[in-house]
Amino acid sequence: MKRVFTGITELYTPKERLEQAAFAVQDGRFVWVGAASNLPSEYRSWPRTDLGGRGVVPGLVDAHTHLVYGGDRLGEYLQRARGESYEDILAAGGGIYATVQATHATSEDELYEQARARAHLFLAQGVTTLEIKSGYGLLPEAELKMLRVIRRLGETLPQRVFPTLLAHVIPKGWARGEYLEMFCQELIPEVARTGLAGAVDVFCDQGAFTLGEARKILEAALSHGLKIKLHAEQIAHTGATRLAAELGALSADHLEQSTPEDWQALAQRGTIGTVLPGAAVILRKPFPNVRAMWDAGVRVAIATDHNPGSSPLFSPWLGMQLAISLGRLSAEEALIAHTENAALALGRADLGRVEVGAVADFVVLDSRRALEGLYRWGHCPLWGVFVGGVNNPAG
């Protein structure tokens with residue numbers, strides 16, 4: 001498959017801005033990118049697609065989602081709107097536990113169909129890569145059920161799917177030590193053996209796992225060849241960010257309560273700092289100090305954290321806009337955070353970029369200006385979403 005794309009008024013790669021650009025795609029990857037007037041002769045006979053004088057950005061990468069779940073938490077949302085806290089609802093057996101119960105009661109096929117519909121909503125907004133976590137199963141077979149659904153999504157969705165096993169909370173009725181032993185000695189080895197996930201995440205926070213427990217889980221994951229990441233410093237400061245850096249995690253995510261010392265550790269190790277604007281705003285938590293993190297040398301990523309409780313957010317554009325408005329990133333930096341840096345949070349340097357050798361995932365704006373999607377709050381003016389150089393109808 002060979003094709004040249006022309007008619008690009010403005011292209012963000014994302015770190016470089018090109019005017020009147022073109023690129024050539026072969027077998028799903030970019031083989032040439034540059035000014036249209038400089039198109040090499042070897043590509044001039046290839047089939048062409050004229051994008052009609054529109055702006056282009058890389059395919060968006062959502063590196064933190066909980067896309068597979070049963071039920072919803074509208075009631076909890078209304079409770080929080082009346083002033084109840086996320087922590088109190090969780091402690092009373094709601095929150096995550098409510099979704100666990102609903103997920104257990106939903107069949108594997110139903111979970112797949114519901115998550116597939118959500119994924120298509122993301123595709124229509126330019127998300128060409130999704131990380132999807134388990135974590136609403138808690139019990140071994142229920143976690144494996146979720147991971148099977150995620151694998152099925154990866155086999156059938158247009159998007160690229162990265163499955164992650166999440167240690168979320170201790171199930172009701174389990175002793176902490178017993179659950180920890182099961183997770184490390186049974187569930188992680190089974191997931192590694194079957195290839196159902198490529199990474200393990202731990203919710204290390206008040207009401208979830210302690211720092212010591214998180215270390216034990218992550219070390220077990222590493223011993224089985226799995227990559228690691230952490231929910232860090234969301235509700236309370238636990239030291240999880242520095243643990244992520246120490247162990248060479250792909251990312252530390254949330255970071256609402258993180259400190260300059262945490263940022264320094266991330267920057268020194270190269271661990272991505274993923275901010276989740278939806279969760280911070282919806283839960284009325286302090287917004288992560290994104291500007292200071294970026295200036296401290298942290299590679300910042302942005303993700304939706306889509307889930308039914310703390311972030312029922314479907315819009316990566318809104319996440320970027322919040323990072324611009326409340327986190328004080330520039331529009332260009334926000335785009336980098338939801339493309340190139342987000343791909344690095346998945347361990348993939350060939351996604352989220354328009355450059356030679358990268359996977360040809362890109363978004364065509366229905367505008368001459370490539371950053372118009374960051375300007376229009378509440379409206380996403382897209383013309384096409386290309387995965388591997390192919391325009392997808394859902395886009």
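This is a predicted model: local features need pLDDT of at least 70, side-chain atom pairs count only at pLDDT 80 or more; totals for chains, interfaces and linings use all residues.
Trainee: What distance does helix H6 reach from its first C-alpha to its last?

Mentor: Helix H6 covers residues 176–194, which is 19 residues. At 1.5 Å a residue a span of 27 Å is expected, and the reach in the model is close to that, at 26 Å.

Trainee: On which residue is the kink in H6 centred?

Mentor: The helix has a bend of about 35 degrees. Just after H6, Gly-195 takes a positive phi of about 70 degrees, but the kink itself is centred on Phe-183.

Trainee: Which helices and strands do the buried residues of H6 pack against?

Mentor: Residues three or four places apart point the same way, because an α-helix has 3.6 residues a turn. The buried residues of H6 include Tyr-179, Met-182, Phe-183, Leu-187 and Val-191. Their packing partners are helix H5 (140–156), strand E7 (160–167), strand E8 (199–203) and helix H7 (211–223).

Trainee: How many aromatic pairs does the count come to, and what kind of pair do Trp-174 and Tyr-179 make?

Mentor: The count comes to 12 aromatic pairs. For Trp-174 and Tyr-179, the ring centres are 5.4 Å apart and the planes stand at 85 degrees; planes over 60 degrees apart count as edge-to-face, so this pair is edge-to-face.

Trainee: What kind of pair do the rings of Tyr-179 and Phe-209 form?

Mentor: This pair links distant parts of the chain, with Tyr-179 in helix H6 and Phe-209 in the loop between E8 and H7, 30 residues apart. Phe-209 is buried, at a relative accessible area of 2%. The ring centres lie 6.4 Å apart and the planes are at 25 degrees, so the pair is stacked.

Trainee: Over which ring does the charged end of Arg-118 sit?

Mentor: Elsewhere in the model, Lys-172 lies over the face of Tyr-97, at 4.3 Å from the ring centre. For Arg-118, the charged end is 3.6 Å from the centre of a ring, and that ring belongs to Tyr-69.

Definitions and conventions. Residues are numbered from 1 along each chain as its sequence is written. Side-chain values use heavy atoms; hydrogens and water are left out. Helices (H or I, at least four residues) and strands (E, at least two) are DSSP runs, numbered from the N terminus. The expected span of a helix is 1.5 Å times one less than its number of residues. The bend at a residue is the angle between axes fitted to the seven residues ending there and the seven starting there. Buried means under 20% relative accessible area, exposed over 50%, partly exposed in between (1.4 Å probe, protein chains only). Contact means heavy atoms within 4.5 Å. Rings of Phe, Tyr and Trp (its six-membered ring) pair if their centres lie within 6.5 Å; planes under 30 degrees apart count as stacked, over 60 as edge-to-face and the rest as tilted. A charge sits over a ring if NZ of Lys or CZ of Arg is within 6 Å of the ring centre and within 35 degrees of the ring normal.
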